Amino acid sequence: MNITELDKDTLKKLGLTEEYKKATRKPRVQKFSKEQVRSNALKALGLLASFSQDERRRILNHAIQLNEV
């Protein structure tokens, strides 16, 4: 028997509600491939190569704050 064939009461009694959610969720749709993300991350870090690690951390944290707005 497939988990998607069970009703909500049975799922709750068996403690399978989380497994049901995982089995029925929609897959994520990404605009960028993993390789494109890696490539863009390296390009962005290349601009910061002349800074120390602490300076890069401060700059990137500030960029994250600006992105949240």
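Colleague: How many salt bridges does a search of the whole structure find?

Modeller: It's a predicted model, so keep that in mind. The search turns up 3 salt bridges. What counts is a side-chain nitrogen of Lys or Arg within 4 Å of a carboxyl oxygen of Asp or Glu.

Colleague: Which residue does K21 pair with, and how far apart are the closest N and O atoms?

Modeller: K21 pairs with E18, at 3.8 Å. The two sit 3 residues apart in helix α2, so about one helical turn separates them. E18 comes out partly exposed, with a relative accessible area of 46%.

Colleague: And which residue does R38 form a salt bridge with?

Modeller: That's E35, with the closest N and O atoms 4.0 Å apart. Both are in helix α3 (residues 34–47), again 3 residues apart, about one turn of the helix. R38 is partly exposed at 48% relative accessibility, while E35 counts as exposed at 53%.

Colleague: What about R57 and D54, how far is it from N to O?

Modeller: 3.0 Å for that salt bridge. R57 and D54 are 3 residues apart in helix α4 (residues 53–68), so there's about one helical turn between them. R57 is partly exposed at 43%, and D54 is exposed at 57%.

Key. Residues are numbered from 1 along each chain as its sequence is written. This is a predicted model: local features need pLDDT of at least 70, side-chain atom pairs count only at pLDDT 80 or more; totals for chains, interfaces and linings use all residues. Side-chain values use heavy atoms; hydrogens and water are left out. Helices (H or I, at least four residues) and strands (E, at least two) are DSSP runs, numbered from the N terminus. Buried means under 20% relative accessible area, exposed over 50%, partly exposed in between (1.4 Å probe, protein chains only).
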